[in-house]
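My entries are kept in the order in which I looked things up.

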Amino acid sequence: NEAEVISANHQFKIKEKIKIYPNPVSNLLTIDVVASEFQNNIDINILDINGKQVLTFESNKNNIHQIDCSKWSNGVYFIKISDDENFSITKFNVIH
């Protein structure tokens, strides 16, 4: 489907503008959003491997956030960053 290909390509461009580090993380995870492609405020959702929402918040685009992961269980997590039109999903690991 052509629409899915365009969507995937657009997601790739946005992902290049989002830095998530360190990965793996044991204490503080940094999310650096510099994506001018995002139109307005963005939603940041963090999900565990089972899809359960761990954290959600709204942010201005072009911000740096630090998330305390020190009390989270070891494992794989996903960060979904989205606005009304664009999104990016990035996987990261928590290891203590």
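**Ground rules.** I am working with a predicted model, in which local features need pLDDT of at least 70, side-chain atom pairs count only at pLDDT 80 or more, and totals for chains, interfaces and linings use all residues. Residues are numbered from 1 along each chain as its sequence is written, and side-chain values use heavy atoms, with hydrogens and water left out.

**Whole chain.** I looked up the elements and found 1 helix and 7 strands, where helices (H or I, at least four residues) and strands (E, at least two) are DSSP runs numbered from the N terminus. Read from the N terminus, the order of elements is α-β-β-β-β-β-β-β. Of the 96 residues in the chain, 33% are buried, with buried meaning under 20% relative accessible area, exposed over 50%, and partly exposed in between (1.4 Å probe, protein chains only). I also looked up contacts (heavy atoms within 4.5 Å): among those between residues at least 6 apart in sequence, 54% join residues at least 24 apart. The accessible surface comes to about 6,000 Å², and 48% of that belongs to carbon and sulfur atoms; such areas come from the Shrake-Rupley method with a 1.4 Å probe, and for residues only the protein chains shown count as cover.

**The open sheet.** In what order do the 3 strands of the open sheet stand? I read the order as β1-β2-β5, with antiparallel pairing, two strands being paired if DSSP finds at least two bridges between them. Because β1 (18-21) and β5 (63-68) each have a single partner strand, they stand at the edges, and one side of each is left without a neighbour in the sheet. From one strand to the next the twist averages 15 degrees, the axes being lines fitted to C-alpha atoms (for helices over the stretch in contact) and the angles running from 0 to 180 degrees between N-to-C directions.

I then followed the pairs. A hairpin with 6 residues connects β1 to β2, and 4 bridges join these antiparallel strands, with Ile-18 opposite Val-33 in β2. The covered face of β1 holds Ile-18 and Ile-20, whereas Lys-19 and Tyr-21 are on the uncovered one.

**His-65.** Setting aside residues up to four places away in sequence, I find His-65 touching Leu-29, Thr-30, Ile-31, Ile-44, Phe-57 and Ser-59. With Ser-59 there is also a side-chain to side-chain polar contact at 2.6 Å; a polar contact is a pair of N or O atoms within 3.5 Å, where within protein one must be able to donate a hydrogen and the other to accept it, and residues adjacent in sequence count only if both atoms are side-chain atoms.

Strand β6 (residues 75-82) and β7 are antiparallel and joined by 8 bridges, and their hairpin has 4 residues between them. The bridge partner of Ile-81 is Ser-88 in β7, and Ser-88 is on the covered face of β7. Beyond four places in sequence, Lys-91 is in contact with Asn-23, Val-76, Tyr-77 and Phe-78. Asn-23 lies 68 residues from Lys-91 in sequence, with 8.9 Å between their C-alpha atoms.
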